[in-house]
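Please keep the viewer open as you read.

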Amino acid sequence: MTQADHQLISPERVAAGQEKVGRVVGALRRVILGKEQTIDEVVAALLARGHVLLEGLPGLGKTELVKALSRLLSLDFRRIQFTPDLLPTDITGSHILQERDGRKDFVFHPGPVFTNVLLADEINRASPKTQAALLEAMQEHRVTAFGETRPLPDPFFVLATQNPIELEGTYPLPEAQLDRFMFKVDIAGVERSVLEEILATRVHGEPPPLEPVLSASDLHDLFALVDAVHLPRAVANYVARLVAASHPASAEAPEAVRTFVKHGCSPRAAIAIGAAARGLALLRGKPHVGFDEVRRVAPPAMAHRMVLDYAARLDAWDGRRVVSALLDAIPEIERGLPQTLEAR
Amino acid sequence: MHTMPESVQPALRRLARRLALGLFLDIWPAWAVGGLLAAALVALVCRLFVPAASPALPWLWLTPVLALLPAIIIYVRRAYRPAEVVAVADWLNGGQGTLLALLETNDASWSNSALAERASTFTLPRLRPWRRLAALPPALVFMATALWIPQRMPRETNAILAEEIAGNLTATVNELKQQQLITPEEEKTLEEEIERIRKSAEERVDASSWEAADSLRDKLAADVAGKQDAIKWAEETLARYAAAAEGGPGADDAAAAPGAELMKALEQLAKRGMLAGASDDLQRLAAGGKLPADAASLRNLMASLAKHLADANGRMAGVGKLGKAAGRFDPSQFPLESGESGVDGDGNPGRGGINRGRGDAELTWGKESLPLDRFKSHALPPGAARSPDDWAPVVELPGAPRESPAASVASAARQYTAAAGQRAWRRSLAPRHQSAVKKYFDK
């Protein structure tokens, strides 16, 4: 298929898709006040069928956001509160010996992972062994137990939360696990005006009641629409250069990457950026991706995928800051202006 | 780019032109500056070492124009493609991606949308030509400076100088030959000598080359002077013989001594080649013949000899300065070696300058030199005579002074005074000493 064979989504379809997404976003913004950027990121990841890791201090609405999302999408929703004694089978399910008609047989009892939206609350409190139970489910949307592989419902999202400050008794997610999250969204604190709004509108802090705004078929239509969003070659080139430059050995890597990054982003990061940028473009009512969408989704898609050196911690550099430096260093277009021209 | 919506195309065309101009200004100044610097270096080298290239140097101003050729080739190879122009336009428009998508999909459904309209409203980049052209003025100044430097003419080569030295000498010899004042043998010897001087000068031109030439010229002058003396002696002896022969009774006895002297004078003339054009009688007489006994033959012979001597004197007068106008050794043409003082003194002997040779040190009366330098050896300057041939021989007198018993003491004293003066002036000196002597006596 050549480039000329590509067709942009018609304006009507884009408008319809944007309206549907807008319903979800609008409802979420009524639930979670002052978190427009976070909501956009989560919805973009959702449209790209990616998993999201929400990291933030307690009480900032992480769990409430996921719960609201599941209610709005009229999808099956399960929640797992990760604890240190949680076992893998508590997630995937297990075979239980049961007696039927005088025969004893092992019957598979599916775990909470068999759902559309899985809230893995405080995922870093479970042991790495338990965390690893989600690896296959997140990447391949299936679960293997006792030699039997079972597919997960479609769609399947993992929305995990973790607390960045309570390190006692926690197990940081391994890199392989982190790489499976499309986004790691940092939930920042709220502003004074937002707090005032919360106090004024919510007596006990309860969110307003929500009704599903999208059916499962609507969601699948949106997925198809997102897949049809056009990604120009120049933008794809920008994504590729960004991800390549995240490796310290790359010739284009900026000084911050060379100094603080031990391992750069995997190709999965480039795929995640492309997919999330498509979702964000649809959210903005565009039939195509632009450089702006890439710049918007690159930090949550890349920051958690880079393995930083100890020097980064000593100099208070985190993944977001490194990605910011990366975005500043890598020009959007591979061939820019001549030196005798200056953009106004 | 022509597939883009018409509302976008004018802006894209303007951007394409601006990018083309910017790209050209990125490439050409570098080549022009490089070419100018290289041309300036070439001009500098030519100004210093290649005088023949001097007329062509102004053409080097065309270097910036010639730099257009590689600049255009590179420009064509690096020219912005339509997709790159569109990418730049999209980037200038905030990175919305609309132009890129329209270019790749050629989708007409979005051509008139608000997105496409917004995409066509980007601002053209500002032109900053001096970022690259700033290096051009210094390069132009360098080029102008290189061309402004006066052409340095190299010193004449040894061959040219040797040819000049030998040419002057040859002209002198030719002059003598034309006046029949030298014999073929002498001419051959002189030509060999001139050739030797020429070859020596070709190897190394220094003061000794001119000194050798001056020495040869002095030798020629001495030869001519000797011939003049011989002619004069012959005239005098002829006059004395004629006076004795016409003396009446007893004249034969009285003419015996002048006759013998006349014969010697004729021998001397023959020896110096001055009888080459003389009559057969004179030739025979010089070859050992005897003076005729009868008065008529003797008169004819004397008339013939007088005429020949008069002709010879006339030719002598035509010789002139014997090529001395060609220039003699001038010490000022040979600067002192490094470390030597350039002070030429006041020109008086013993007061520095050339009269003291190269020792220009001040007279310190007892503190002539430091102890360490006292026995330090010093190389003599060039210019010393290299062979005995460089020295002109003392004038050969035609004969020993003869005292005449009949002459009075006063006349003897007068004769001596005249001869002594001639002898003193014709004494040869080393050429390098001549100017010192001349200065001394001129003062």
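The sections below take up these topics in turn.

## About the model

This is a predicted model, in which local features need pLDDT of at least 70, side-chain atom pairs count only at pLDDT 80 or more, and totals for chains, interfaces and linings use all residues. Residues are numbered from 1 along each chain as its sequence is written, chains are lettered from A and ligands numbered from 1 in the order in which they are written, and side-chain values use heavy atoms, with hydrogens and water left out.

## Salt bridges

Over all chains, the count is 34 salt bridges, each being a side-chain nitrogen of Lys or Arg within 4 Å of a carboxyl oxygen of Asp or Glu. One of them joins A:Lys20 to A:Asp218, with 3.7 Å from N to O. This pair links distant parts of the chain: A:Lys20 lies in helix 1 (residues 11-31) of chain A and A:Asp218 in helix 9 (residues 216-228) of chain A, 198 residues apart. Helices here are DSSP runs (H or I, at least four residues), numbered from the N terminus. Both A:Lys20 and A:Asp218 are buried; buried means under 20% relative accessible area, exposed over 50%, and partly exposed in between (1.4 Å probe, protein chains only).

A:Lys67 and A:Glu64 also form a salt bridge, with their closest N and O atoms 3.9 Å apart. The two are about one helical turn from each other, because they sit 3 residues apart in helix 3 (residues 62-72) of chain A. A:Lys67 counts as partly exposed because its relative accessibility is 26%, and so does A:Glu64, at 23%. In the bridge of A:Glu148 with A:Arg150, the closest N and O atoms are 2.4 Å apart. A:Arg284, A:Lys286, A:Asp292 and A:Glu293 are linked in a salt-bridge network.

## Cysteines

How many disulfides are there over all chains? The count is 0, taking a disulfide as a pair of cysteine sulfur atoms within 2.5 Å. A:Cys265 is buried, at 2% relative accessibility, and B:Cys46 is buried at 10%.

## A helix contact in chain B

Helix 11 (residues 207-245) and helix 16 (residues 431-442) of chain B have axes that come within 9 Å and cross at roughly 75 degrees. Helix 11 of chain B is therefore roughly perpendicular to helix 16 of chain B, a label for angles of 65 to 115 degrees. Axes are lines fitted to C-alpha atoms over the stretch in contact, with angles from 0 to 180 degrees between N-to-C directions.

On the helix 11 side, B:Glu211, B:Asp214, B:Ser215 and B:Asp218 meet B:Pro431, B:Arg432 and B:Gln434 of helix 16, where contact means heavy atoms within 4.5 Å.

Definitions and conventions. Angles under 35 degrees count as roughly parallel, over 145 as roughly antiparallel, 65 to 115 as roughly perpendicular and the rest as oblique.
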